[in-house]
Amino acid sequence: QLQLVESGGDWVQPGGSLRLSCTASGYPLAGYATAWFRQAPGKEREAVLCIRTSGQSRNFAESVKGRFTISRVDAKNTVYLQMNSLEPADTGVYYCAARQNGCTDTGAAYGYWGQGTQVTVSS
C-alpha cells in the first residue's frame with residue numbers, strides 16, 4: 001500500500017520561499033504520477049503541478065508559472081514542491097497525490113493522498 005506524507009508547510013512573508021516534501025513508503029514513487037494540489041480557505045481544491053514517472057513536469061495553474069517547481073529524488077522516494085516569490089493567494093492546505101497512470105488535474109483520479117500541510121503567506 002502506497003502511503004504519502006507531506007511536510008514543510010509554514011508561515012512565510014510575501015516574497016519568501018518554501019519547499020514542501022511528499023515522502024512515500026510502500027512502493028517506489030518513481031512508478032507513479034505524483035501531483036500537488038492546494039485548497040485555499042473557502043475555495044475549491046485546485047491542481048498545481050504534476051510530475052510524470054519519466055520526471056517530466058506538467059503545470060496546471062497559470063498563477064504559479066515561473067514561481068513553483070516540482071521535482072523527485074528517487075533515492076529518497078520523495079517529491080518536492082519548491083515555491084518561490086510566494087503571495088498571499090498561495091495560502092492554503094497543500095496535498096500530494098499519486099496515481100499509477102499519467103498526470104491529470106482531476107483530483108478524483110488519484111487514489112493515494114497525503115494528510116496535507118498548511119502554507120500561510122502573510123505579512
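With which residue does arginine 38 form a salt bridge? The partner is glutamate 46, and the closest N and O atoms of the pair are 2.7 Å apart. A salt bridge is counted here when a side-chain nitrogen of Lys or Arg lies within 4 Å of a carboxyl oxygen of Asp or Glu.

The structure is a predicted model, in which local features need pLDDT of at least 70 and side-chain atom pairs count only at pLDDT 80 or more, while totals for chains, interfaces and linings use all residues. Residues are numbered from 1 along each chain as its sequence is written, and side-chain values use heavy atoms, with hydrogens and water left out.

The structure holds 6 salt bridges. Arginine 38 is buried, with a relative accessible area of 5%, whereas glutamate 46 is partly exposed at 32%. Buried stands for under 20% relative accessible area, exposed for over 50%, and partly exposed for values in between (1.4 Å probe, protein chains only). A further salt bridge joins the side chains of arginine 38 and aspartate 90, at 2.9 Å from N to O. Arginine 38 lies in strand 4 and aspartate 90 in the loop between strand 8 and strand 9, so this pair ties together parts that are 52 residues apart in sequence. Aspartate 90 is buried, at 1% relative accessibility. Glutamate 87 and arginine 67 also meet through their side chains in a salt bridge (3.9 Å, N to O). Through shared partners, salt bridges join Arg38, Glu46, Arg67, Glu87 and Asp90 into one network.

Strand 4 (residues 33-39), which carries arginine 38, is mostly covered, with 6 of its 7 residues buried. Helices (H or I, at least four residues) and strands (E, at least two) are DSSP runs, numbered from the N terminus, and two strands pair if DSSP finds at least two bridges between them. Strand 4 pairs with strand 9 in the antiparallel sense over 7 bridges, and with strand 5 (residues 46-51), also antiparallel, over 5 bridges. Alanine 35 stands opposite alanine 97 in strand 9 and opposite cysteine 50 in strand 5. Strands 4 and 5 form a hairpin with 6 residues between them, and glycine 42 in its turn has a positive phi of about 75°.

An open sheet is formed by 4 strands in the order 1-3-8-7, with antiparallel pairing. Strand 1 and strand 7 stand at the edges with a single partner strand each, so one side of each is left without a neighbour in the sheet. The twist averages 15° from one strand to the next; axes are lines fitted to C-alpha atoms, for helices over the stretch in contact, and angles run from 0 to 180 degrees between N-to-C directions. Within this sheet, 5 of the 6 residues of strand 8 (residues 78-83) are buried, so strand 8 is largely enclosed by the rest of the structure. Strand 8 is joined by 6 bridges to strand 3 (residues 18-25) and by 6 bridges to strand 7 (residues 68-73). Tyrosine 80 of strand 8 is the bridge partner of serine 21 and of serine 71, and glutamine 82 is that of arginine 19. The hairpin of strands 7 and 8 has 4 residues between the strands, and asparagine 77 takes a positive phi near 50° there.

Glutamate 6 lies in strand 1 (residues 3-7). Glutamate 6 is buried yet has no salt bridge, and the nearest side chain of opposite charge, arginine 45, is 10 Å away; Lys and Arg count as positive and Asp and Glu as negative, with His and the chain ends not counted. The side chain of glutamate 6 instead reaches the backbone nitrogen of glycine 116 at 2.8 Å, and one of its polar atoms lies 2.8 Å from the backbone nitrogen of cysteine 96. Among the residues touched by glutamate 6 are Trp36, Tyr94 and Thr117, contact meaning heavy atoms within 4.5 Å. Threonine 117, in strand 11 (residues 117-121), is buried with a relative accessible area of 10%.

Notes:
A polar contact is a pair of N or O atoms within 3.5 Å; within protein, one must be able to donate a hydrogen and the other to accept it, and residues adjacent in sequence count only if both atoms are side-chain atoms. Lists of a residue's contacts leave out its neighbours within four places in sequence.
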